[in-house]
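Visitor: I would like to learn how to read a few features of a protein model. Could you take me through them one by one?

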Amino acid sequence: RDHPLVLKLMPVYSLFMIANVTFYVFVDNYLTTAFGYGIVGGSVAMVVIGFALAFSSTFLVKPVQERVSKTTIILASLIVMVICGFAFTVITNKILIYVPPFFFYFFFGVAYPTLLGLFSASVGDEDQGWVMGVTTAVFCLAGGIMSLISGGLTGIDIRMPYFIVILAGMAGVITLLMTWRSEKMKSLLR
């Protein structure tokens, strides 16, 4: 299929998803290894993530999209991913460690629907199923690959997955700034 806008969106989306799934998949392992948390500590993290996502996705997507450009929404989320990935590796307080996952998924809850909306707007009606299938495939592929890679790297250092989050977020920012400048992209982002 010839969809140039999908090709412009895909690198940023892929990096966004690598940061997302890597952060999420290793939260429980990290909390248990670094802080001695078990099932309860991991469950608290899932509640924090769920609350952040539920609130921002339910109440903030439309008002934020009406006031802030789509590019800014996605850039802000990628930057927060970098900051939260870094914070997760340096925080030593057992309570404050829940702050980075909250903000990571609070911003993600607005940026993810924004990205999906861009993919939807980048193709015609006849290709909606295809483009949503492609985004789902990238999400699943990123989850599988990053679980394998990061799982192996945790043997070197338990923080390695979060270094990947930092790198993926930074690469996402750079890629967005370099590739989303064309007139067609600017039109899509309006």
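Visitor: Does Lys186 count as buried, partly exposed or exposed, and what is its relative accessibility?

Guide: Before I answer, please note that this is a predicted model, in which local features need pLDDT of at least 70 and side-chain atom pairs count only at pLDDT 80 or more, while totals for chains, interfaces and linings use all residues. Residues are numbered from 1 along each chain as its sequence is written, and side-chain values use heavy atoms, with hydrogens and water left out. Buried means under 20% relative accessible area, exposed means over 50%, and partly exposed lies in between, with a 1.4 Å probe and protein chains only. Lys186, at 38% relative accessibility, therefore counts as partly exposed.

Visitor: Which residue does the side chain of Lys186 meet in a salt bridge?

Guide: A salt bridge is a side-chain nitrogen of Lys or Arg within 4 Å of a carboxyl oxygen of Asp or Glu. Lys186 meets Glu183 in this way, at 3.9 Å from N to O, and Glu183 is exposed, with a relative accessible area of 56%. The two are three residues apart in helix H9 (residues 183–189), so about one helical turn separates them; helices here are DSSP runs of H or I with at least four residues, numbered from the N terminus.

Visitor: How many salt bridges does a search of the whole structure find?

Guide: The search finds three. In one of them Lys62 pairs with Glu66, with the closest N and O atoms 3.9 Å apart; these residues are four apart in helix H4 (residues 61–67), and so are separated by about one helical turn. Lys62 is exposed at 57% relative accessibility, as is Glu66 at 56%. Arg159 also forms a salt bridge, with Asp157, where the closest N and O atoms are 2.9 Å apart; Arg159 is partly exposed at 31%, and Asp157 is partly exposed at 21%.

Visitor: At what angle do helices H1 and H6 pack?

Guide: Axes are lines fitted to C-alpha atoms, for helices over the stretch in contact, and angles run from 0 to 180 degrees between N-to-C directions. Helix H1 (residues 4–25) and helix H6 (residues 99–121) pack at about 155°, with their axes 11 Å apart. H1 is therefore roughly antiparallel to H6, since angles under 35 degrees count as roughly parallel, over 145 as roughly antiparallel, 65 to 115 as roughly perpendicular and the rest as oblique.
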